[in-house]
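Q: Could you walk me through reading the features of a structure, one at a time? I would like the general idea and then the case at hand.

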Amino acid sequence: GGTSRFGARANFTLSLGTTSASSTTPTGSIRFTVDGTLVATLPLTPEVSPSVATTALLPGTHTIAASYSGDGNFLPGTASVTHTVTCSTTYTGTVKGSLSLTGSGKAFCVLNATIGGSLSVGSGAALAVVGSSLPKGSLSAKGSAQLMVCGTRTGGALTVQGATALVVIGDAGHSRCAPNTIAGTLVLQNDLHGVVAIGNTASNVITKNIDGPGPYPGDVTTVSGNHP
C-alpha cells in the first residue's frame, strides 16, 4: 500500500503465511494484477518472495492484488492493497497558451486538460498526460524522466528524445494507457530505458535507437499497431 510520486518505482511483495504445522513449503505460482489487469505470473520458490516492481502507474489510486494458485497442501488465496500515485504539480481544466515544464526530480501531471498551445517537458522531469487535448499544439520531451501520454489528442507532432526512464505512448494492456490521436508525426529517438507505443493514430511514426524493458516483468520495448 502507501503512496509514491509519479515515475518513482513502486515495489509490491507478497509474504505468504501459513497456519499449517507441516514443514512443507508451498509451491505453485503467484498472479499479480493491477486494477484487474494481469501484469505478471511468477513461480513460487523458497528462496525468493514473489514481487513486482513498476513505474507504470498513472496518477490516482490503484488496486494491486496477488493471487496464489494453491497446491496439494495449501489452499489458493488472494491479497490486495491500494496504492496512490501523486504529482508535484497537476494541471486540469483550460490552460491558456503553451506550457513548458522544467525541474529535475519533479513529477508533472496534465489531467483532463485543454492546452491552448504546445506542451514541453525538460530534462529530468517526469510527465503524465491523461485525457487531455492540445488542439493547436505539439507535445515534446527532451531528456525527460518517465513520460506517459494516454488518451490525448494533439494538433501537432509528439516527440520524445533521450528519455532517461520508461516512455509509454498508448498501452491499453498492461499500463491501462489509452491510445492517442496525434495529428503530426510520432517521433521516438534515443530512448533506451523502455518504450511502449501501441495503437495510436499518427500521421507517421519515426523510431531510432530505442530499447529497454517494458513496464512489467517480461515486457520489452514495443512499437506496434500505430496507424494514420
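A: Gly93 has Ala113 in S10 as its bridge partner. Two strands count as paired if DSSP finds at least two bridges between them. Strand S8 (residues 89-95) and S10 meet that rule with six bridges, in the parallel sense. Strands here are DSSP runs (E, at least two residues), numbered from the N terminus.

Q: Before we go on, what kind of model is this, and how are its residues numbered?

A: This is a predicted model, in which local features need pLDDT of at least 70 and side-chain atom pairs count only at pLDDT 80 or more, while totals for chains, interfaces and linings use all residues. Residues are numbered from 1 along each chain as its sequence is written, and side-chain values use heavy atoms, with hydrogens and water left out.

Q: Thanks. Which strand does S10 pair with over five bridges?

A: That is S12, again in the parallel sense. Within this pairing, Phe108 has Leu127 of S12 as its bridge partner.

Q: How do I read a sheet from such pairings, and in what order do the strands of the open sheet come?

A: Follow the pairings from strand to strand. The open sheet has five strands in the order S1-S7-S6-S3-S4, with mixed pairing. Its edges are strand S1 (3-5) and S4, each of which pairs on one side only. From one strand to the next, the twist averages 25°; for such angles, axes are lines fitted to C-alpha atoms, and values run from 0 to 180 degrees between N-to-C directions.

Q: What is a nonpolar core, and how many residues does the largest one have?

A: A nonpolar core is a set of buried Ala, Val, Leu, Ile, Met, Phe, Trp, Tyr and Cys residues joined through side-chain atoms within 4.5 Å. Buried means under 20% relative accessible area, exposed over 50%, and partly exposed in between (1.4 Å probe, protein chains only). The largest core here has 33 residues, and those with the most contacts inside it are Phe6, Ile30, Phe32, Leu57, Met148 and Tyr216. Elements giving two or more residues to this core include strand S3 (29-34), strand S6 (60-68) and strand S10 (107-115). A second, separate core has 29 residues, including Val95, Val110, Ala125 and Leu158.

Q: Which residues does Phe6 touch?

A: A contact means heavy atoms within 4.5 Å. Not counting residues up to four places away in sequence, Phe6 touches, among others, Leu57, Pro59, Val85, Cys109, Leu127 and Met148.

Q: Is Val196 buried or exposed?

A: Val196 counts as buried because its relative accessibility is 4%. Val196 lies in strand S20, with Val168 as a bridge partner and Thr222 in S22 opposite. Strand S18 (residues 167-169) and strand S20 (residues 195-198) run parallel, joined by two bridges, and S20 runs parallel to strand S22 (residues 222-224), joined by three. Val196 and Gly170 are 26 residues apart along the chain, yet their C-alpha atoms are separated by 7.1 Å.

Q: Where is Pro215 found, and which residues does Pro215 touch?

A: Pro215 is in the loop between S21 and S22 and is buried, with a relative accessible area of 7%. Leaving out residues up to four places away in sequence, its contacts include Ala53, Leu166, His174 and Val196.

Q: What is the nearest side chain of opposite charge to Asp219?

A: For this we count Lys and Arg as positive and Asp and Glu as negative, leaving out His and the chain ends. A salt bridge is a side-chain nitrogen of Lys or Arg within 4 Å of a carboxyl oxygen of Asp or Glu. Asp219 is buried without a salt bridge, and the nearest side chain of opposite charge is Arg9, 11 Å away.

Key:
Helix = DSSP H or I, 4+ residues; strand = E, 2+ residues; numbered from the N terminus.
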